[in-house]
Amino acid sequence: MSYHVPVLLTKAVDALNVKPDGKYADLTFGGGGHSQLILSQLKKGTLMVFDQDEDALKNIPDAKNIIAVHANFRYIKQFMRYYQIDLFDGIIADLGVSSWQIDEKERGFSFRFDAELDMRMNPDDVIKAKDVIDNYDEGNLIRIFRNYGELKNAGQIAQRIVKARKIGHIKTTGDLKELLSPLVAQHIEHKFFARVFQALRIEVNQEMEALKEFLAMVPDVLKPGGRLVVLSYHSLEDRLVKNFIRAGNPDGKIEKDFFGNFINPVKAITKKPVQADEKETDENPRARSVKMRIAEMKKHE
């Protein structure tokens, strides 16, 4: 639990409606907080956990009914086939970066420390944040900072990076902060760099692509009546989840059948996202931005 303090722990697991003999998946194991609570409610059931960071998987409890997978959750169908799991009764995903990853300065996730621009959730991956900074053309840099950081001055950021790297490499978080500091007003410095680093992290780890791929697979991996619980920490993730629950696809495109009925395999359990209360946000600042959405697979008529 010291690796990562889980947000909305009890509410998230309660939303899964855990059955003692059910099959469940934790797509982002992290410190194992959600998984441990699920395991405590299982008897003959099975829990499959995913994490692309080997350090997180060191937290796996010694339990016979847990299957640990060192991979991104976008590969859930392949591992279901391998372990002969047909459908899950419930799936939980606590998205984003873990507290431990942020606090490990050599991982390069935080602008609080001067370290190599890395940001890989899976250290075995090839592309680091410094590779994005060094090699992406100006147009792609603008796309990243505008789409993933929602930064209005994405063009200025990209131009400054392209100009500076002609002189020398931008290797560290400190290098990047120093380079971009002239573009930000003093009173919004923290917010600005949080968005810059978020944009790079999302690109390096293909977070939006992985979430889109998974959401599109939900009807193939979740039982009728099964629950999906997703905790998001920024509007980009939450928008995809909201679209999926509302329309049955991450793009939010409303589709109808021949008779004009909406085609949507899931239904929302809560009208509005569940958020952390004041007590939890005081104890865990990361909880301030969380939005938890809950959906259920419709049962066949």
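**Strand pairing and burial**

Analyst: In this predicted model, V230 stands opposite R293 in β7. Residues are numbered from 1 along each chain as its sequence is written. Local features need pLDDT of at least 70 and side-chain atom pairs count only at pLDDT 80 or more, while totals for chains, interfaces and linings use all residues, and side-chain values use heavy atoms, with hydrogens and water left out.

User: In which sense do β5 and strand β7 pair?

Analyst: Two strands pair if DSSP finds at least two bridges between them, and strands are DSSP runs of E with at least two residues, whereas helices are runs of H or I with at least four, each numbered from the N terminus. Here β5 and β7 (residues 291-297) pair in the antiparallel sense over six bridges, while strand β4 (residues 88-94) and β5 pair in the parallel sense over six bridges, with A93 standing opposite V230 in β5.

User: How many of the 11 residues of strand β5 are buried?

Analyst: Buried means under 20% relative accessible area, exposed over 50%, and partly exposed in between, with a 1.4 Å probe and protein chains only. Eight of the 11 residues of β5 (residues 222-232) are buried, so this strand is largely enclosed by the rest of the structure.

User: Which residues of helix α7 are buried, and where do they lie?

Analyst: In α7 (residues 138-147), L141, I142, I144 and F145 are buried. Seen down the axis of α7, these residues fall within an arc of 165° (taken from the directions from the helix axis to the C-beta atoms), so they line one face of the helix.
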